[in-house]
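My notes are below the display.

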Amino acid sequence: MKKIMTVFLVIFVYVTASAQQIAEDRSLALKIGDQLPLLPKLSIINYSDNFFNYDEQDDKLIILDLFNTGCTSCIAKMPVLQKLKKEFGRKLEVIMVTPEDKSKMERFYSKNKFLKEHAAQLPTIVSDTLLQKYFPHVAVSHVAWIYKNKVMAISHPDYVTSENIDKILKGESIDIPLKDDFSIVELISDDQVSVVAQEKIIGSLLITGFNPKLNSTGIKFVHDSTQGMHTTYFNNLDLLGAFTAAWAPIKKPTYLLLKERIEWNVKNPDRYQYDESKNLPYQMWQEKHSVCYKRVDHLHISDSLRAKNVLDDLSDFLGVKVSWEMRKRRCLVITKAKNAPVQIKHKGMQYDGTESLAFAMDYSGKYPPVIDELKLIVDMEIPDFKNLDELNLYLANYGAVIKEDWRDIEVMVLKED
């Protein structure tokens, strides 16, 4: 049985793609504009035949979505792809592609509740090795667009939209950023200072918007003892993520940054944090709002002071101040029960104390901030619960109770100048 241990988050960074093993052989990789080579019949499920015959596709636009069952964002996108297929009918073919075998994929489709609820049963090429070589990648989902036997685009899944599909079918030009997982690097290039010898550099600061050639990273500190140079950087972070990443070396958070722990004194919070309810694909939002940062200096200071420099730089250039302040908020509070513990054992999820339970409840996103005032360290076993009354029945076994109340809690305040 799984046991949840207490976890402290240090950096808040959104991860939207599942990584798979990097393909070593890219000699067969296709580029935009290349002709797709003649394909053998490929084993496929959820299709009118047991094999996918590319030669019979005529003038259809073919979307090949390379994925695996461990990629939750890929699965979340499948109902959208299903709707697009229905919208464009015989003009569009959407094919999922996976190296996983037929039996595993059949179990996946038969047991996945989300896909059943959304009636998403997309044709899926299984046990694939060939298309993985034609379209090598590190992160899934990885989408190849094929039209009239030609590679039209290789993209993130967010760009599979009605508008882009319609443009290709009409023969119009499209502007879809290339997804190239192998040209990505972490550090920003020093080309802008390449004419200056390293020992002559006193310091430099560069803050830019989204850079497609860089991996998204949290804040990092690189110390070059030979040159005496210190580099602090992060790449392609949303603004809220950038500020929380910079605060982490200064003030280690011991709780999740729930929405109740953020106070927005800004014109547009969407500039700072992705909002799923706005229905804007994350990749497009990221390209519009994320930032890259790089600072180089000779200062011999601690990483916490370097992080303070990052905060000051971001505040100065972005026009926003970030601070931690106390605010009264409606919370769930775990305290000692008035009655003696009830000795009734229940089978369920295991926790190593009330602090672990509080974290798990915060992590679920279903509750207001949970404040643990009991600090009970004991092995706990709590079954699934539908409401607080039900939870309290289980907590009574440990002499604990949880109730709604008001508390002064620490919140992050963002205020624009």
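These entries go from the nonpolar cores to one strand and its partners.

Entry 1. I noted that the model is predicted. I then looked up the largest nonpolar core, which has 31 residues. Leu-61, Leu-92, Tyr-109, Trp-145 and Ile-165 touch the most other members. I listed the elements that give two or more residues to this core: strands S5 (61-66), S6 (92-97) and S9 (142-147), and helices H1 (72-88), H2 (102-111) and H5 (162-169). H1 gives the largest share, six residues. In soluble globular proteins, nonpolar side chains tend to be buried together.

Entry 2. I picked Tyr-109 and looked up its contacts, leaving out residues up to four places away in sequence. Among them are Ile-45, Met-78, Met-96, Leu-115 and Leu-122. The list also includes Asn-46, Lys-116, Gln-121 and Thr-124.

Entry 3. I found a second, separate core of 26 residues, including Leu-239, Tyr-255, Tyr-272 and Val-310.

Entry 4. Is S9 buried or exposed? Six of its six residues are buried, so S9 is largely enclosed by the rest of the structure. His-142, Ala-144 and Ile-146 point one way from S9, while Val-143, Trp-145 and Tyr-147 point the other way. In a regular strand the side chains alternate between the two faces of the sheet.

Entry 5. I looked up which strands pair with S9. S5 pairs with S9 in the antiparallel sense over six bridges, and Leu-64 stands opposite Ala-144. S10 (residues 150-155) also pairs with S9 in the antiparallel sense, over five bridges. Tyr-147 has Lys-150 in S10 as its bridge partner. The hairpin of S9 and S10 has two residues between the strands, and Lys-148 takes a positive phi near 55° there.

Terms used: Residues are numbered from 1 along each chain as its sequence is written. This is a predicted model: local features need pLDDT of at least 70, side-chain atom pairs count only at pLDDT 80 or more; totals for chains, interfaces and linings use all residues. Side-chain values use heavy atoms; hydrogens and water are left out. A nonpolar core is a set of buried Ala, Val, Leu, Ile, Met, Phe, Trp, Tyr and Cys residues joined through side-chain atoms within 4.5 Å. Buried means under 20% relative accessible area, exposed over 50%, partly exposed in between (1.4 Å probe, protein chains only). Helices (H or I, at least four residues) and strands (E, at least two) are DSSP runs, numbered from the N terminus. Contact means heavy atoms within 4.5 Å. Two strands pair if DSSP finds at least two bridges between them.
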